[in-house]
Amino acid sequence: MPLNPTSVQLVATVLFALAIIHTFSTKYFQRLAQRQPAHSGIWHLLAEVEVVFGFWAMIFVVVMVAMAGGSEATAYVDSRNFTEPMFVFAIMVIAGTRPIVWLASRLVDGLARLLPWRNGLEFCFSVLALVPLLGSFITEPAAMTLAAMLLARRVYAVNISNKAKYALLGTLFVNVSIGGVMTPFAAPPVLMVAGKWNWDLAFMMANFGWKAALAVIVNTVLVVFVFRKELGQLPSAEQGTPTQPMPAWVVALHVLFLLGLVVFAHHPAMFMGIFLLFMGVATAYKQYQDRLILREGLLVAFFLAGLVVLGGQQQWWLQPLLMKMSPDAVFFGAAALTAITDNAALTYLGSLVEGLSDEFKYMLVAGAVAGGGLTVIANAPNPAGMSIVRRYFPDQTVNPLGLLAAALPPTLIAMAAFRLL
């Protein structure tokens, strides 16, 4: 495909680059809010990482109206598929309810009791290993929400060092990105290609699943070992965990809601209907609920929707770049490119090309999922985890460079597992 972009595509690419720069500059807007209290509201808004891509996508739509007309701009937005942002919002809210977190904490505690460590080490290992792998069945956004909430309540709420916070978050992002590849429906970059390339459950387990599981375990062992002194001093009783008795029928009903969303993940009319029914039940039985994370979920959905709008105009340069690479080069290229664009977008572009070798297909997906923890925009579930834990960081901001540095070691381990095994 020749590089002959339209003027609208060029504008979209410039705004996409500005959005990426914006994600690395949120602390600057925090400082502006302190210096200019009269306008602190708008600066605080622009300091929200989850607002960034939605904000720049809205600017793009306004510019597109001016350049191409309202009808063409509306037609373009209507042509975008917003199923994923809607799904992530719905499953975040349900996965973050007290009954689901209560059940997840019991599963984590059950695994922790089988481990030889105590005083927090076994808990961190269980959360960072078990929950991301569980994402292959309950989807990655649900796994990210559960793991982030468990870490927030037990670990981040305690006064651990910022270095440990970044290391745990980077490991979580990488483990969730690769932990969902045991099945063909849970990880967005796999889902984009599985149907067209006929990748079924047996194929995923044989070619991706066991390698991902090994990398998840190695990543978790390393981060727990490096920060064993801090994590080993965590209190044994889980802080913030719901202690009220939880009736079995309440837990079962919430699990059914969660499973309903997973089953109908690609049918927004169905899963949003299930979500609205859940909202009714949650309102009727408030005694079994904590505050629903509606605000966090909506912010994440806004972020992802913006990425869908802006990302849809990047095909003119991304696809030719990928197609010029050899299978080996595309593995490393996809891992690097996913840091500045959603990994599902990369694999989707690859799925549009006919005649790719099996090796090229594997390398493209393996590189995309391995690099899915490097930045907040690298993998669709990352903003969900970020929105839950960032209030425990200084200025309630996760430094993108700090996240990148923390995610790099587990990313290299994931790349080694997919490339060498």
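This briefing covers model confidence and salt bridges. The structure is a predicted model. Its protein chain has a mean pLDDT of 90, and 96% of residues reach 70 or more. A search of the whole structure finds 7 salt bridges.

**Confidence**
- Residues 237-242 have pLDDT under 50.
- For that stretch the model has 19 contacts beyond four places in sequence.
- Where pLDDT is low, predicted coordinates should not be read in detail.

**Salt bridges of D290**
- D290 pairs with R98, with the closest N and O atoms 3.2 Å apart.
- This pair links distant parts of the chain, 192 residues apart. R98 is in helix α7 (residues 98-112), while D290 sits in the loop between α15 (268-284) and α16 (294-311).
- D290 also forms a salt bridge with R153, where the closest N and O atoms are 3.7 Å apart.
- R153 belongs to helix α9 (residues 140-156) and D290 to the α15-α16 loop, so this pair ties together parts 137 residues apart in sequence.
- D290 is partly exposed, at 33% relative accessibility.
- R98 is buried, at 8% relative accessible area. R153 is buried too, at 14%.

**The E296 and R291 pair**
- E296 forms a salt bridge with R291, and their closest N and O atoms are 2.8 Å apart.
- E296 is buried, with a relative accessible area of 9%. R291 is exposed, at 56%.

**A salt-bridge network**
- Salt bridges link E48, E50, R295 and R390 in a network.

Technical notes: Residues numbered from 1 in each chain as written. Predicted model: local features only at pLDDT ≥ 70, side-chain atom pairs only at ≥ 80, totals over all residues. Heavy atoms only, no water. pLDDT = per-residue confidence, 0-100. Contact = heavy atoms within 4.5 Å. Salt bridge = Lys/Arg side-chain N within 4 Å of Asp/Glu carboxyl O. Helix = DSSP H or I, 4+ residues; strand = E, 2+ residues; numbered from the N terminus. Buried < 20%, exposed > 50% of the residue type's maximum accessible area, 1.4 Å probe, protein only.
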